Structure formats: structure tokens, C-alpha cells
Amino acid sequence: MKRDQTIDTLRGFAMTWVILIHCVFWTYFFYSSTETILKSFLLIEMPLFFFVSGASFMIAKKKNYFEFLKKRVKRLLIPYWCYVVVGLLIAFLTYATFSIKQIGFMIPRTVPAFGVPYLSSALWFIWPFLLITITMPLFRYYFEKKEQIWWKILPLLLMIVIIIMMDLWIPNQMEFKCWLLYNFFSYLGFFYPMLKEQNKKTIIAIIGIISLLITIILGLTNLYPFDMQINKFQYNIIFLLYNLSFLSFLYVILPWFLKGIDKLKKIYAFKFIFTSYEKNSYTIFLFHPIVFLLIERILHHFSMMTIIQNHQYLIFPFYFLIIWILSSVIGRIFNFIETPFWKKWYQKYKEEV
């Protein structure tokens, strides 16, 4: 199947945004109380990732449920296990920390605590992604069976209602709420082929405006905090609506957004790096914390932390650029865990024949 360039571009952008977010949240930049609130509104990367996942699944060739599950779970778990092994090795070599209990980290639900900064900070993502992988074909079956658009939209409305009810009466069931929230965005991705063929900018813009207004109202009434970092890990309705508004506005400006990326791709260096983010996004997601760890070691070695804290607005763009570039390199180095080299060789051989 020919790759969908729009999906690839959105995936590359989402992974680039992950690097940006982690530069902002994992480092010594922007730590005042006002900056903490403002930077939380940048948290749009995970819903976009799950939307892209749903969209790419929808346009992919339909497979038998168990065949799909076997292939998909293997594709998620093998790279994860490789990263855990690398993480444990780094922890042992740098901090001399290792115990037999850490073997349990091979189970994704147990988010690894390597005892080393950064290495396990992003791995909460794996468990909900696995759960959604299991349920996604069932939702696709429903989506394709229903011909009328309102029946297709119904699961989205039900998920919104359930999240609101859980916010009010059952706020502590975080794992289920996490699955429900990100399943909402995965299911939303099923509409991608329809939205690509039909111009629905007016309707989608209205949805975006309404979602944003409700987000503001909920924040102003103190029902929810305005800090999206808190809302993100409460998996609540204000985080859902805020990101629904973002995705709506992204759809409206998508043609201009794609043209902008295409122009940047005319620069060879940008194309080389961004292509890595498009094709190796999962590998980069898993392994980019190693880059953060390396950079921090270098900064501490040269006693540069005070300079960063005093000149954060000047240094931050360079800091982000360095990590963005190095993460793309590490994605190319470890990309064999996503697509083994012998499969690439066989594919190339078939094309030549």
C-alpha cells in the first residue's frame, strides 16, 4: 500500500512536537508559575498521535482480527523490550542500579523506574496504546457497518458523556479514563478518509470554536484547572475538548500547513531529519530520552546550567534544535527494531526484480 503523505507529515510533526514538549517540561526552561500554565497549552501531541494512529489504521488494508493483533502487538512490544534492555544497561553502567525485580519492566503496564533521569518518563504511553490496539478493530467494524453519519458519530458522543460522568462521580478510575480519552481520538481518526475527500471546514471550524469556548468556560468556573498538564493526567473532559479544538483548527489550516512543510523539505537538511521523524517515530519516541540524558551530562560537565537558567529564552531554540537533530539520528540508528534489515533488503530485492 502506498504511504499517505499527509499521515506521514502529521506523524513527523507530532513526534517533533514531542521533542519540543519534553525540552520544555523536562528541563530548566520556563519554570515560573505563569510559564507553567502557559506551556501546558502546548500539550497537543498525544491526541494528535492517537488521531494519526486511527487514521492510518482506517486507510490500511483490512486484516483478520487475530492476524492484525499478532502483527501490531509484536510491532509495539519488540521495540519496547529492546528499549527496556538498553535502559537497564544504561542504568547499570551509569548508576550501577540493577535488581532482579527490574525484569518485570518487560510488562508495559509496569512503567520502568530505571533510577536514571528521563529514561522512563515517556513510557506511560505504551500501555494505553496497547489497549487501543486491541479494541481498535472492533470500533472499525462498527464504523464500517454504519452508513449514516450520525451512527458513526454516536460512539464519540457516548465517550464524551462517559468521561463527564466519570469526572463527576468516578474520578479515580484513571486507567479506564486514559483508554477512553485516547480511544476517542483514535476513533476520531476513522473520519480522516471522509474529511480528506470532502471539504467540511465550516462545520469543523464551528466544532473547534464551540469546544474551545466550553474549555474556557470550564476553566473560568473553576470546575477544572487551566493547567493542561494536570488535566492531561486526569484524562478529563477539559483536556479532551481543548485538544478537539486544536485538531479542528489544524484541519482548517491543513492545506497551508502541508504546503509549509513541503517548502521546508526543499532544504535537504530539514528533509533528512523530518523524514526520520515520519518513518521512525515510534523508535524516536522510545529512545529520545537517551539524548536528553546525554545532553544533561554534557551541560553538567561544563557547568552550563546557570547560563541556561539566566538566558533561557535565547538558549532554548538552540537546545531544542540540537536534541531534535540528535533524536533523528538515534531514530535512524535504532530503526532496525521497527523494520528488521532483512525485511528492508527483501522489499528492495522484490522492487528490483
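Trainee: Is Trp-124 buried or exposed?
Mentor: Buried, with a relative accessible area of 17%; the cut-offs are under 20% for buried, over 50% for exposed and partly exposed in between, with a 1.4 Å probe and protein chains only.

Trainee: OK, and what kind of model is this?
Mentor: A predicted one, where local features need pLDDT of at least 70, side-chain atom pairs count only at pLDDT 80 or more, and totals for chains, interfaces and linings use all residues. Residues are numbered from 1 along each chain as its sequence is written, and side-chain values use heavy atoms, leaving out hydrogens and water.

Trainee: How many aromatic pairs are there?
Mentor: The count is 44, pairing rings of Phe, Tyr and Trp (its six-membered ring) with centres within 6.5 Å; planes under 30 degrees apart are stacked, over 60 edge-to-face, the rest tilted.

Trainee: Why is the pair of Trp-124 and Phe-233 edge-to-face?
Mentor: Because the planes are at 80°, with the ring centres 5.3 Å apart. Trp-124 sits in the loop between helices H4 (65–95) and H5 (126–145) and Phe-233 in helix H10 (residues 228–234), so the pair ties together parts 109 residues apart in sequence. Helices here are DSSP runs of H or I with at least four residues, numbered from the N terminus.

Trainee: And how accessible is Phe-233?
Mentor: Partly exposed, at 31% relative accessibility. Both rings belong to one aromatic cluster, whose members include Phe-129, Tyr-182 and Phe-285.

Trainee: New topic: which ring does Arg-332 lie over?
Mentor: Phe-272, at 4.0 Å from the ring centre. The rule wants CZ of Arg or NZ of Lys within 6 Å of the centre and within 35 degrees of the ring normal. Lys-146 lies over the face of Trp-151 at 5.3 Å.

Conventions. Helices (H or I, at least four residues) and strands (E, at least two) are DSSP runs, numbered from the N terminus.
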